[in-house]
Amino acid sequence: MSGIRLTAPAPGWTVDADVVVIGSGVAGLTVALRCAAAGAKVTVVTKALLDDGSTRWAQGGIAAALGEGDTPAQHLDDTLVAGAGLCDEEAVRTLVTEGPDAVRRLIATGARFDTDADSGEILLTREGGHHRNRIAHAGGDATGAEISRALVDAVRDAGISTIEHALVLDLLKDADGRAAGVSLHVMGEGEQDGVGAVRAGAVVLATGGMGQVFSATTNPAVSTGDGVALALRAGAEISDLEFVQFHPTVLWLGPDAEGQQPLVSEAVRGEGAHLVDAGGHRFMVGAHELAELAPRDIVAKGIMRRMREQGAEHMYLDARHFGPEKWARRFPTILAACRAHGIDPVTAPIPVAPAAHYASGGVRTDLHGRTTVPGLYACGEVACTGVHGANRLASNSLLEGLVYAERIATDITAAGSTAAGPQPAPGAPAPGAPVAAAGPSVPLVDPAERITIQRVMTHGAGVLRSEKSLLEAAAELDRLRAEAEARAGSRSGAEPGTGAWETTNLLLVARALVDAALRREETRGCHWREDHPERDDAAWRRHLLVTLDGDGGLAVSATGSAAFPPVTPAAEPAASPRRTA
């Protein structure tokens with residue numbers, strides 16, 4: 001247990017709750033709604049506005065066996081194939097079995113999916129890696145926005161307490177090492193401002209991804225890996241962080257484009273668009289039985305190979321045959337984004353290239369969302385449940401957020417209110433009360449180095465990796481860490497603030513990703529080592545676990561098999577949260 005923390009002022013205000021949820025995407029808001037419905041006092045903390053997370057950017061849809069002839073078993077098979085031998089089969093079976101009813105409950109919450117005008121049945125499409133039409137969508141290509149709208153409305157209707165514009169800093173623990181809340185910084189003016197704390201007996205991380213660790217990503221600016229960094233500092237195990245999915249078809253805006261890039265949904269290919277080179281050749285035909293609808297890692301590699309062969313900076317996605325009516329009806333968001341950048345997909349192919357999209361790894365959990373720190377849960381993209389393995393199957397992410405959020409809420413609320421238990425000795429902290437962190441604070445990184453970290457990671461740990469590129473990245477990241485340590489406490493050191501905290505988080509998750517990628521000497525799923533081009537099941541069909549020690553160093557270990565060890569030695573349920581009312 002590392003117990004180190006960010007350099008930050010002491011909390012100047014406190015809020016009490018039974019459950020604090022960090023993040024307001026599909027996972028976080030589902031946990032909040034289910035816990036509140038069971039009578040728990042919930043506080044949702046979100047970095048921007050309630051509807052400003054990654055969920056609203058999801059275009060394609062949500063995968064579930066809802067269609068005639070489709071079954072959870074078929075969905076399971078497709079997920080296992082995409083995961084390249086590292087999925088936890090029980091976790092996947094849980095996902096695909098509980099998924100259809102979870103989607104129906106989402107609809108009951110108010111989400112409106114696209115339906116057939118005559119039958120009223122939910123319209124389903126295909127995406128990469130799926131052998132059935134099982135992707136439910138909304139607003140054509142605005143599925144995430146509709147899900148976010150429905151959940152935000154439900155949270156507001158339920159009167160759940162929210163703290164917006166708040167960056168989570170560190171986990172608070174009680175004297176027994178259990179989660180006891182979080183420290184956070186509220187940006188702006190209001191009843192709560194500056195650094196404060198939410199005290200709660202259950203803490204749920206639903207902070208989304210870490211795509212901003214790379215120069216070009218589909219992730220919004222808030223996706224800086226804060227949840228993974230917090231969990232590492234709190235002593236939790238991180239797993240499979242080397243498996244970063246690069247979406248194959250991101251709108252190419254030029255060689256110098258950085259930051260969030262427009263996504264061109266896989267559903268465009270699901271509806272019949274073709275990947276072609278400048279000469280119009282469909283290079284994925286013959287490369288895989290599903291051609292353009294192969295799993296994302298295979299398509300991304302196919303694009304990168306063709307680019308290298310031809311010395312090109314991008315490939316093309318050709319959907320001119322859709323015609324203007326289908327483009328406007330089925331993909332209005334993508335059509336508008338392309339036209340905003342001077343490209344009309346009705347009359348011309350769309351230039352595309354891979355960009356960082358989704359973290360298949362994250363904070364390691366069991367099937368109830370419990371991490372290796374008692375009382376700390378994780379769900380959604382920040383978590384590693386074992387569902388995605390080495391490469392996420394398209395549109396499984398929203399479903400995972402739904403299913404595992406519901407399981408977390410059930411685990412938290414199952415025991416109901418807990419008894420007070422033995423009374424503490426005079427002067428001792430009350431049960432569940434946060435105690436001061438005993439570990440050192442982390443030197444802060446200058447916010448100006450954010451772009452440096454991103455460029456280092458894109459060059460050294462992007463789609464194509466090798467020992468040479470990863471060692472170069474590791475050396476640069478170590479240099480940035482050493483500079484921050486040397487300047488700590490001096491006038492040239494970074495001052496506590498949102499920019500410094502985010503950049504410090506980015507540096508930590510970048511180091512963890514590079515260390516894991518160096519250790520895994522094979523090519524598997526979305527981890528592509530040019531110097532080890534083959535998959536090696538004998539040596540590497542296992543997970544890598546990363547932890548942080550008390551000095552800020554990272555330790556990488558491998559599991560003995562493809563199975564995850566239990567999160568606690570006896571795999572016991574976490575105690576239920578203390579009640580504040």
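How many bridges join strand β14 to strand β20, and do the two run parallel or antiparallel? I looked this up first, and found that two bridges join β14 (residues 238-239) to β20 (residues 362-364), which run antiparallel.

**Ground rules.** I am reading a predicted model, in which local features need pLDDT of at least 70 and side-chain atom pairs count only at pLDDT 80 or more, while totals for chains, interfaces and linings use all residues. Residues are numbered from 1 along each chain as its sequence is written, and side-chain values use heavy atoms, with hydrogens and water left out. I take helices (H or I, at least four residues) and strands (E, at least two) as DSSP runs numbered from the N terminus, and I count two strands as paired if DSSP finds at least two bridges between them.

Within β20, I noted Gly362 as the bridge partner of Ser239. I then traced the open sheet of five strands, whose order is β22-β20-β14-β24-β25 and whose pairing is mixed. Its edge strands, each pairing on one side only, are β22 (383-384) and β25 (554-558). Helix α13 (residues 498-519) packs on this sheet and touches β24 (544-548) and β25, where contact means heavy atoms within 4.5 Å. The direction of α13 makes about 35 degrees with that of β25; axes are lines fitted to C-alpha atoms, for helices over the stretch in contact, and angles run from 0 to 180 degrees between N-to-C directions.

**Entry 2, strand β12.** I checked both faces of β12 (residues 202-205) and found them covered, with Ala202 and Val204 buried on one side and Val203 and Leu205 buried on the other; buried means under 20% relative accessible area, exposed over 50%, and partly exposed in between (1.4 Å probe, protein chains only). Strand β3 (residues 19-22) runs parallel to β12 and is joined to it by four bridges, and Val20 has Val203 as its bridge partner there. β12 also pairs with β21 (residues 376-378) in the parallel sense, over three bridges, and in β21 the bridge partner of Val203 is Leu376.

Where does Thr371 lie? I found Thr371 in the loop between β20 and β21, and Thr371 counts as buried because its relative accessibility is 2%. Leaving out residues up to four places away in sequence, Thr371 touches residues including Val363, Leu376, Tyr377 and Val567. Its side chain reaches the backbone nitrogen of Val373 at 3.1 Å and the backbone oxygen of Leu376 at 2.8 Å.

After α3 comes Gly110, whose phi is positive, near 135 degrees.

Note on methods
A polar contact is a pair of N or O atoms within 3.5 Å; within protein, one must be able to donate a hydrogen and the other to accept it, and residues adjacent in sequence count only if both atoms are side-chain atoms.
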